[in-house]
Amino acid sequence: MESRNQTGVSEFLLLGLSEDPELQPLLFGMFLTMYLVTYMFGNLLIILVVISASHFHTPMYFFLSHLSFVDICFTSTIVPKMLVNIQTENNAITYTGCLTQVYFFMVFICMDNILLTMMAYDRYVAICHPLYYTVIMNPCLCGLLILFSLLISIMNALFHTVMVLHLSFCTDLKIPHFFCELAEILKLICSDTLINNILVYLVTSLLGVGPLSGIIFSYTRIVSSILRIPSTGGKYKAFSTCGSHLSVVFLFYGTCVGVYLSSAANFSSRRRAVASVMYTVVTPMMNPFIYSLRNRDMTGALRKLISGTFSFS
């Protein structure tokens, strides 16, 4: 393929999930409904409940509200552009728009990952060191942890985005995906990408394995502490506080591993795009349901907030 300098690239073509015209209205309606009802409405409700109810002003719900906010930003980076492309029947995305999407996608998925680790650490301190919980998980530390996750995420995203800026693209600028994913963009590069691929996998592994190791360590200690509780009721009560978080962790990492395995198995790019829907769309959609349905306090507060809103109107 003919090489082209990156400054000459004006736009890419996102091929989407399917090129079948009959499926486009179905895809548009499905993703629009999920985006408005679950992402925006569900996650916004959780944020409003945590802000409005004083008994939710704890580290666990502090991190949960930030996770909901990040999920809103994460899906808003991808889904609106996808909906516009389907509605206008124009799959083009500008060079600047594509790199911007890569940048914010990397920021928010990295923050999602780190926030899940922080929530695991919060549960570890609450169950293994309950007497020191309020001392350790003080507001200052919680704020610093959020700031740390933001800085790490921004640095990671800048590293990947700046790396792409110095590469030359070929004339074939079609991306077989519904958003600008870094792995698919690197396939359009004509220059040597060996070092870039090594750096991408190295950084991704560090930011993936590191937080996951922290989660595994936290829950190993949590399980060990719970097993030492003599009463069955005490064990159930202790473990029930971790149920929602564990469900989200399994869903997030399970879908990410599934996408990685599909890539390693040399599946077609279109199949990998469909698999990517799981962690980019389905996981953020399920988070509000998991945290509300498995948490009686959250369910009750949501009902009060919704009934109070309707009665006020």
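I began with Y61, which is buried at a relative accessible area of 7%. I note that the model I am reading is predicted.

I then looked up F56, which also counts as buried, at 1% relative accessibility. The ring centres of F56 and Y61 lie 4.5 Å apart and their planes stand at 70°. I recorded this pair as edge-to-face, because that label applies to planes over 60 degrees apart.

I located F105 in helix α3 (residues 95–128) and F179 in the loop between β5 (174–175) and α6 (182–186), so the pair ties together parts that are 74 residues apart in sequence. Both F105 and F179 are buried. I found F105 and F179 in one aromatic cluster with F74 and F178. My count of aromatic pairs came to 13.

I also examined S149, which I placed in helix α5 (residues 139–165).

Finally I looked up the chain as a whole. I counted 10 helices and 5 strands. Of the 313 residues in the chain, 48% are buried. Among contacts with a separation of 6 or more, 79% join residues 24 or more positions apart. I noted an accessible surface of about 16,000 Å², with 69% of it belonging to carbon and sulfur atoms.

Notes: Residues numbered from 1 in each chain as written. Predicted model: local features only at pLDDT ≥ 70, side-chain atom pairs only at ≥ 80, totals over all residues. Heavy atoms only, no water. Helix = DSSP H or I, 4+ residues; strand = E, 2+ residues; numbered from the N terminus. Buried < 20%, exposed > 50% of the residue type's maximum accessible area, 1.4 Å probe, protein only. Contact = heavy atoms within 4.5 Å. Areas by Shrake-Rupley, 256 points an atom, 1.4 Å probe, with all protein chains shown as cover. Phe/Tyr/Trp six-rings, centres within 6.5 Å; stacked < 30°, edge-to-face > 60°.
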